[in-house]
Amino acid sequence: MAIKDKSKIRIGKYMPYFYAGASLDFNLIHIDREFAQANGLTDIILQGMCTMGLTAKHIIENDHPSKMKTFKVRFLHPVLPGDELNFESEINDAEIDVEVTNQNGNRVLRGKATIR
Amino acid sequence: MSTDNIIGKKYEADYEISFEKIKEFVEVMGDKNPHYTDREFVKSLDGGHPFAPPTFAAIYCQPALKNLYFDSEFSKLVPRLVHGEQEYNFGYPARAGDLIHTTAEVVEHFNKTNRSGKVNQIIEIMTTSINQNDKLVCTATYRLVIRGK
């Protein structure tokens, strides 16, 4: 039987800067508003890998991290500072389907993980 | 437009995982899993060092990817780059103290028209990361989108 799990996180105003420092991803579209806008974005956007990392955290919680065998995601919509992200996952045996939506109901990420 | 001149480009680099970097990373992520931060707890499990979270792979792959991003052909594309898809296959766990060697190679580069009629470029990069004992830690596929104007 499928087990469902939900969690919610608000992306703080400075999260792209904090994640840049923690992850070494200093691509300017994440930290420089003028640069992001000059390259066709409405504002700085959160690193996709940050959204993926938060999704992995939702899946693993406090379990052993080796339980995650594979993890594949598609980034569907930009995540902006101030967004509220809703994580919803469904476990079927060794497979987990996960979806992340923002406060406007836009799907920002869809993914699948397998666990051992 | 030539779209195949970056296929086959390959870079490699080492990254040594420190416990301090793991702690910084999980603090930013708000992750309180003791496997990452509690030395004594992890020692009681198997005598080893704390674990890195799975998506810490973004960090130990970064030095190899950075070499690629700074390549003269590739760097022109970076300002309009966004992440489209990401896939990880995890093998041996990555832990504090590990020396990870990563190879990154461009395997695909083609044009694709999106729903609004813009022509984007799709670039796929594959990475392979092994630890100091030659154990496979992670393989990854980065699918990047270079947004058309």
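Hi everyone, let's start with one side chain. Leaving aside neighbours within four places in sequence, Phe71(A) is in contact (heavy atoms within 4.5 Å) with Met52(A), Thr55(A), Ala56(A), Ile59(A), Val98(A), Lys112(A) and Ala113(A), and also with Gln86(B), Glu87(B), Tyr88(B) and Phe90(B).

A quick note on the source: this is a predicted model, where local features need pLDDT of at least 70 and side-chain atom pairs count only at pLDDT 80 or more, while totals for chains, interfaces and linings use all residues. Residues are numbered from 1 along each chain as its sequence is written, chains are lettered from A in the order in which they are written, and side-chain values use heavy atoms, without hydrogens or water.

Back to our phenylalanine. Phe71(A) is among the residues with the most contacts inside the largest nonpolar core, which has 68 residues. Such a core joins buried Ala, Val, Leu, Ile, Met, Phe, Trp, Tyr and Cys residues through side-chain atoms within 4.5 Å; buried is under 20% relative accessible area, with a 1.4 Å probe and protein chains only.

Now the interface. Chain A brings 39 residues to the contact and chain B brings 37. About 3,000 Å² is buried between them, with 59% from carbon and sulfur atoms; that is accessible area (1.4 Å probe) lost on putting the two together, summed over both.

There are 2 salt bridges between the chains, meaning a Lys or Arg side-chain nitrogen within 4 Å of an Asp or Glu carboxyl oxygen. In one of them, Glu87(B) pairs with Lys72(A), the closest N and O atoms being 3.8 Å apart. Thanks, everyone!

Conventions
Buried < 20%, exposed > 50% of the residue type's maximum accessible area, 1.4 Å probe, protein only.
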